[in-house]
Amino acid sequence: MAEIDPIMERREREEQERKNESLRKLMYGLIAAAVLLLGALVYIWSSKSALVKELNVEKEELTEQMIALKGDYDSLSSDYESINSQLDSSKEEVNQLIERIKKTEATNRAQMRKYEKELGTLRSIMRNYIVQIDSLNTLNHKLTADAAAARREAAASRAENEELKGKVDNLSGQVAAGSVIKSRGLSIAAYNSSDKVTDRSSRVVRLLTTLSLVENDLAPKGPVRVYIRVKDPEGVLLTNSTQTSFVFGGQSMVASASREVDYQGKEVELSIYLNEIPSYAPGIYTVEAYTTQALLGKAELLLR
């Protein structure tokens, strides 16, 4: 039987120990890598959870703001059919927006930002409604007070001078007969650069007001200039280089644009363009049409 070489046996042990040491180092390296990877995963998960939580909070706040706006719209009412019709339309937009927000994931940040902009637009529209309702209520109260004062003055005049009453009645009859030119079909529309009607504020390049001066044999014949005053959602009068002025009710007023027509007592259709306005904001635009003798009417335009 051959004897085992001690030197070879020692070398084999040393080689085995080196292999074992290498395996231990490899194992420790893998453990360290696993720990780092686990830490990274935990950090990513934690960060994502925090972001999702934050986005959910923002969604809840946006939803609460929309519900509050719905309450504000529900509290609005007026005695005017045209405003009530517009209010109903805006209320429906608010309800639909609330439903879309509820169905949209909070992580869809682009869509949420879009909803925030729509919220701002609806708030602006509501403020315009409030201004309109307050203005109309104020005007109504003033007209009521003026009517009451007029009745008192008429009663006093009747007691003092029946002849004066007859003259006033005769003058009122002439006015009632319609010597003042009136209009119908007043409307305002927005056009884009392709000369097509649009309701997108960012695409509007001009506004067009149309109306008809109605037939009236009692009205004076000859040239008649029609003036328009167009106001933006904040109530600011829109003007350009062609702006003009006129006197109405003893007061000088600035017009956005105007046009002269030959009125011979027959119905006349006319259109008035408003150009060169740098930009248009979303909201409700109003137009008032005048002659120097009368307010012909008012109309509104909603731009989104």
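**Legends to close-up views of a predicted model**

**Overview of the protein.** The accessible surface of the protein comes to about 19,800 Å², of which 53% belongs to carbon and sulfur atoms (Shrake-Rupley method with a 1.4 Å probe; for residues, only the protein chains shown count as cover). This is a predicted model, in which local features need pLDDT of at least 70 and side-chain atom pairs count only at pLDDT 80 or more, while totals for chains, interfaces and linings use all residues. Residues are numbered from 1 along each chain as its sequence is written, and side-chain values use heavy atoms, with hydrogens and water left out. The protein holds 4 helices and 9 strands (DSSP runs numbered from the N terminus, helices being H or I with at least four residues and strands E with at least two). Of the 304 residues, 29% are buried (buried means under 20% relative accessible area, exposed over 50%, and partly exposed in between, with a 1.4 Å probe and protein chains only).

View 1: Met27, Tyr28, Ile31 and Val35 make a nonpolar surface patch of about 410 Å² (patches are made of residues with over 30% relative accessible area and no salt bridge, like charges being joined within 9 Å and nonpolar side chains, namely Val, Leu, Ile, Met, Phe, Trp and Tyr, within 5 Å). Valine 35 lies in helix α1, residues 6-75, and counts as exposed because its relative accessibility is 53%.

**View 2: an open sheet of 3 strands.** The strands of this open sheet follow the order β1-β2-β7, with antiparallel pairing (two strands pair if DSSP finds at least two bridges between them). Its edge strands, each pairing on one side only, are β1 (183-191) and β7 (268-274). Between β1 and β2 (residues 206-213) the antiparallel pairing extends over 7 bridges, and tyrosine 191 has arginine 206 in β2 as its bridge partner.

View 3: Glutamate 15 and arginine 18 meet through their side chains in a salt bridge of 2.4 Å, N to O (a side-chain nitrogen of Lys or Arg within 4 Å of a carboxyl oxygen of Asp or Glu). Both residues lie in helix α1, 3 residues apart, which is about one turn of the helix.

View 4: The side chains of glutamate 288 and lysine 298 form a salt bridge at 3.7 Å, N to O. This pair links distant parts of the chain, with glutamate 288 in strand β8 (residues 283-290) and lysine 298 in strand β9 (residues 295-303), 10 residues apart. Glutamate 288 counts as buried at 14% relative accessibility, whereas lysine 298 counts as exposed at 53%.
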